[in-house]
Amino acid sequence: ADNLSDALKKLKITATDSTADSLEGCLDCLLQALAQNNTETSEKIQKSGVLQVFASLLTPQSSCTAKVANIIAEVARNEFMRNPCVDAGLIPPLVQLLNCKDQEVLLQTGRALGNICYDSHEGRNAVDHAGGAHIVVDHIRSLCSKTDPASEKLLTVFCGMLMNYSNENDTLQSQLINMGVIPTLVKLLGIHCQNAALTEMCLVAFGNLAELESSKEQFAYTNIAEELVKLFKKQIEHDKKEMIFEVLAPLAENDVIKLQLVEAGLVECLLEIVQKTVDSDKEDDIAELKTASDLMVLLLLGDESMQKLFEGGKGSVFQRVLSWIPSNSHQLQLAGALAIANFARNDGNCIHMVDNGIVQKLMDLLDRHVEDGNVTVQHAALSALRNLAIPVVNKAKMLSAGVAEAVLKFLRSEMPPVQFKLLGTLRMLIDAQAEAAEQLGKNAKLVERLVEWCEAKDHAGVMGESNRLLSALIRHSKSKDVIRTIVQSGGIKHLVTMATSEHVIMQNEALVALALIAALELVTAEKDLENAQLVQILHRLLSDDRSAPEIKYNSMVLICALIGSEPLQKEVQSMAFLEVVSKLRSHENKTVAQQASLTEQRLAVES
């Protein structure tokens with residue numbers, strides 16, 4: 001401790017005019033003390049005011065420069081020392097040293113700057129201000145192809161410095177991307193794949209940069225997919241694989257890179273991991289299984305990569321994914337169902353899968369989760385069934401396979417994501433299927449639940465889907481029994497509210513359903529339509545210039561139907577509809593203009 005105090009005093013007094021030898025002695029003493037107790041020594045260095053002296057010692061001419069930079073690097077390992085280093089004005093001279101040729105000086109300077117930037121906003125700003133990143137990127141470029149140990153060591157330090165410099169800072173990450181650092185780092189990874197420390201630094205740097213959208217476009221022009229898959233195949237350790245996964249996940253969000261990863265053979269690696277880890281209960285294996293299967297699902301989100309793996313339903317990847325669904329691992333069941341939902345993104349694939357028995361597999365999976373209720377698996381299986389039900393030819397096949405009954409088992413679910421998918425699946429299934437729509441529409445339990453969900457104000461998606469299914473039951477069944485069931489359950493007011501939705505498609509569906517109610521069961525629904533103020537709403541829709549032509553048309557059709565009810569007719573007469581309708585006779589849309597003439601005639605007769 002005495003030696004340290006002496007050294008610090010001596011440094012302060014003699015830094016400017018002492019001989020190199022005495023300086024070296026003081027610096028050695030500091031380095032020794034830092035090696036023994038970094039934190040305590042750093043505190044003493046800060047209190048002594050020596051940091052300011054270091055700024056003057058950082059000159060390319062001095063033989064002590066590397067040691068001074070080394071001391072700063074050691075000191076800056078402590079969080080509390082980073083700002084003082086910036087305040088002492090150490091950044092500009094350190095950045096200047098990046099221009100020198102001496103390898104030891106470059107190494108220690110890179111370390112010092114990297115440590116000062118670590119988790120320090122001020123450190124990064126100062127390095128940015130002094131233009132340090134540019135010089136470092138140039139160094140990496142010129143050293144990139146050198147494989148001697150000294151160059152590789154320097155590359156590792158410089159990559160680490162850039163990583164600390166840009167970590168969690170979008171602006172600085174964008175700056176590095178604009179400097180074109182990505183192709184250089186990808187090239188580096190290819191050349192130095194045998195050097196563990198350097199590849200690790202590259203991976204972390206990629207992980208930092210890959211989150212930005214602009215970086216993905218640059219990555220897509222490199223052979224990053226090939227390099228990462230090559231590196232991945234060589235890894236045995238869980239941590240290393242995890243690091244590569246962390247880069248792959250954000251990159252795989254880009255459709256071009258998805259396809260490159262598929263072509264580079266990533267899928268085979270992922271399937272192998274699944275096979276190795278599926279029966280293991282080791283924590284690392286469970287984590288690896290999850291990451292691999294999640295990544296697999298992500299690759300299937302790109303249209304081209306998905307079709308490539310589907311291979312007309314004959315692909316080995318598609319077959320392997322099918323085998324996940326009956327598995328005992330919830331994670332694999334989930335990934336399998338999500339993968340099917342992704343494969344089911346075009347009609348051809350959906351028709352092929354339904355014809356080849358996928359529906360039964362998904363229903364069996366749902367059956368396993370009625371009681372234990374794994375929400376993510378329920379949600380994924382329902383998503384897959386919903387997508388499969390989109391092509392017209394699949395609807396009747398899926399209905400006769402019992403899909404509606406399988407889905408209805410989840411009516412009691414309290415989980416909004418499951419409710420949302422359940423509603424969407426039923427709505428897809430009954431589209432233009434009159435018999436099924438009538439059967440479901442007469443199911444009082446279902447209709448009561450729908451009416452309850454129509455009030456789910458916290459869950460707009462569930463609320464919207466419930467309204468749409470209510471309307472669909474009427475539109476596709478055109479059944480008096482269905483209308484009566486909906487009236488009895490109190491569903492009319494929701495259909496009237498739906499007519500005021502901000503989405504034209506939903507407004508329209510509501511108006512068509514209400515017109516059917518008025519045509520088929522007006523007496524039964526009369527009171528509810530009156531209480532829901534339907535006539536006022538129609539007046540508003542017809543008077544509003546922003547209403548779409550089809551909304552105006554269907555509103556007038558509905559008015560004509562409502563006149564059949566005495567109380568509703570009185571309301572219509574009291575609201576000067578004739579005026580609004582006669583204006584619409586000159587509407588630019590011919591169908592609207594024609595309907596306006598007809599409506600005007602009907603209103604004139606009734607009045």
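Contact here means heavy atoms within 4.5 Å. This is a predicted model, where local features need pLDDT of at least 70, side-chain atom pairs count only at pLDDT 80 or more, and totals for chains, interfaces and linings use all residues. Residue numbers start from 1 along each chain as its sequence is written, and side-chain values use heavy atoms, with hydrogens and water left out.

**View A. Helix α11 against helix α12.** Helices here are DSSP runs (H or I, at least four residues; strands are E, at least two), numbered from the N terminus. Helix α11 spans residues 149–166 and helix α12 residues 170–178; their axes sit 8 Å apart at an angle of about 135 degrees. That makes α11 oblique to α12 (under 35 degrees is roughly parallel, over 145 roughly antiparallel, 65 to 115 roughly perpendicular, the rest oblique). On the α11 side look for L162, Y165 and S166, which meet L172, Q173, Q175 and L176 of α12. The contact residues split into four nonpolar, three polar and no charged.

View B. Residues 89–131 are 74% helix and 0% strand, with end C-alpha atoms 15 Å apart. For residues 357–389, the figures are 76% helix, 0% strand and 14 Å between the end C-alpha atoms.

View C. S466 belongs to helix α32, residues 460–477. With 0% relative accessibility, S466 counts as buried (under 20% relative accessible area, 1.4 Å probe, protein chains only). Setting aside neighbours within four places in sequence, S466 touches L423, L450, W453 and C454.

Conventions: Axes are lines fitted to C-alpha atoms, for helices over the stretch in contact, and angles run from 0 to 180 degrees between N-to-C directions. Ala, Val, Leu, Ile, Met, Phe, Trp, Tyr, Cys and Pro count as nonpolar, Asp, Glu, Lys and Arg as charged, and the others, Gly among them, as polar. Buried means under 20% relative accessible area, exposed over 50%, partly exposed in between (1.4 Å probe, protein chains only).
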